[in-house]
Amino acid sequence: MGVNTVTEKTEKTAKEERAVNSDACPLYHKCGGCQLQNMTYPRQLQWKQNRVEKLLGKFHKVSPILGMKNPYHYRNKVQAAFGADRKGKIISGVYQSSTHRIVPVSSCMTEDKKADEIIVTIRNLMPGFKLQPYDEATGRGFLRHVLVKRGFSSGQIMVVLVAGTPVFPSKNNFVKALLKKHPEITTILLNVNNHYTSLVLGENEKVLYGPGTIEDTLCGCVFRISAKSFYQINPVQTEVLYGKAMELAQLTGKETVIDAYCGIGTIGLIASRQAGRVIGVEVNKDAVRDAIVNAKRNKIQNAYFTCADAGEFMLEMAREKETADVVFMDPPRAGSDETFLSSLVTLAPKKIVYISCNPETQERDLLYLTKCGYRVEAIQPVDMFPHTNHVETCVLMSRVKK
């Protein structure tokens, strides 16, 4: 649901506030990444609250949305595309919505300030090292993207140079020059992506400086983050979201918990401190490897991670007469498919904590689960991405005793 689908009253209010919203980004109309920049932040929260109530209010009363005290510069992961303008000048920024046209950006109101500074430095260093941006049409040039990840708690910074070719002239000198400008960088990688694709990262990468990974602390657990790891982009609100998920689950220390779509183990490891045992299931083998490392790093011995399809894994548990007390699920924007949901119903956990980044697909999934013996007990929206039309929701469901 985009801004153009809000009610007439909301549209009128948004238009009225556009003139007084002095914090609006000057690139708002060109970029398209922050769809709600025309609204003041309190109005954005009300818009998101209304959206969740409209979609999910039929299942249960929706709690007031949890917003940010400072809804700016919250993104700990920043990626910039590189190209050239009509005069041949190197530019970097974001792709305009639904296009491959680069909108030049030097600073963004939602991105980490230090990450933006590093990207500008790389852009300024390129001419001196005779490095050209990669041209998808011709296959010529070097740099396609720069990805910067920063641990807000640790302060560690990863820089990933995504190139169209592994040939990197003056590589060592370039790295030295970048580190001289930004000694706070803790690791630098070269990732090679020479395919015509919308994916940023390619398969091959090489560490140019440092350990190749960074660490960050979330809800008291330390997590290793690699270039390809999925790690929540807004750590401040992630702690709010996961804290609410644990609160709703009401773990007592005896439960068997499944963390479906576990990624690098964030939810599962946080839950392990309050559960009997945790089983994390994830199809991405790199993420599972990171999750195992993270469990060891935190000296957690009651969490186990396996590379498998979560639906098939739960069916196998049911066949073996094994049970789970709580299932945490945090699927992608497309939500869960019916195969996964039917497996979940077959396993029949006492509680389901469903974290979603898309209330529209969550509505569909909740309709299925409520028809199959579950009842919604709580709905908590959280504003993970201020100034965008995205909203996260945490829903608690319990199995209806028959």
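# Briefing: annotated residues, aromatic pairs and a pocket

Cysteine 357 sits in the loop that runs between strand E14 (351-356) and helix H11 (359-370). The model is a predicted one. In the UniProt record, an unreviewed entry, Cys357 is listed under "active site", and the annotation "binding site" covers Gln232, Tyr261, Glu282 and Asp330.

- Leaving aside residues up to four places away in sequence, cysteine 357 touches Pro331, Pro332, Arg333, Val391 and Glu392.

**Residues listed as binding site**

- Glutamine 232 belongs to the loop between strand E9 (221-225) and helix H6 (235-249).
- With a relative accessible area of 9%, glutamine 232 is buried.
- Tyrosine 261 is placed in the loop between E10 and H7.
- The relative accessible area of tyrosine 261 is 25%, so this residue is partly exposed: the value lies between the 20% limit for buried and the 50% limit for exposed.
- Tyrosine 261 touches Val281, Glu282, Met329, Asp330, Pro331, Pro332, Ser336 and Phe340, with residues up to four places away in sequence left out.

**Serine 226**

- Serine 226 is located in the loop between E9 and H6, and glutamine 232 lies in that loop as well.
- Serine 226 is buried, its relative accessible area being 16%.
- Not counting residues up to four places away in sequence, serine 226 is in contact with Lys149, Met158, Thr213 and Asp290.
- Between serine 226 and isoleucine 214 there are 6.7 Å in space, C-alpha to C-alpha, and the two are 12 residues apart in sequence.

**Aromatic pairs**

- Five aromatic pairs are present in the structure.
- In the pair of tyrosine 261 and phenylalanine 340, the ring centres are 5.1 Å apart and the planes stand at 45°, so the pair is classed as tilted.
- Tyrosine 261 is in the loop between strand E10 (256-260) and helix H7 (266-272), whereas phenylalanine 340 is in helix H10 (residues 338-347), so the pair ties together parts that are 79 residues apart in sequence.
- One aromatic cluster is formed by Phe129, Phe142, Phe168 and Phe174.

**The second largest pocket**

- The second largest pocket holds about 440 Å³ of space.
- Its lining consists of 19 residues, and those nearest the centre of the pocket are Phe82, Gly83, Ala84, His100 and Ile102.
- Strands E1 (77-84), E2 (90-95) and E4 (143-150) each supply at least two residues of this lining, and E1 gives the most, with three residues.
- By class, the lining comprises nine nonpolar, six charged and four polar residues.

Conventions:
Residues numbered from 1 in each chain as written. Predicted model: local features only at pLDDT ≥ 70, side-chain atom pairs only at ≥ 80, totals over all residues. Heavy atoms only, no water. 1 Å grid on protein atoms, 1.4 Å probe; cavity = no way out; pocket = protein on both sides within 12 Å on 5 of 7 lines; lining within 4 Å. Points joined across faces, edges and corners; volume = space filled by probe spheres on them. Helix = DSSP H or I, 4+ residues; strand = E, 2+ residues; numbered from the N terminus. Nonpolar A, V, L, I, M, F, W, Y, C, P; charged D, E, K, R; others polar. UniProt positions renumbered as here; feature names shortened; annotations may be inferred. Contact = heavy atoms within 4.5 Å. Phe/Tyr/Trp six-rings, centres within 6.5 Å; stacked < 30°, edge-to-face > 60°. Buried < 20%, exposed > 50% of the residue type's maximum accessible area, 1.4 Å probe, protein only.
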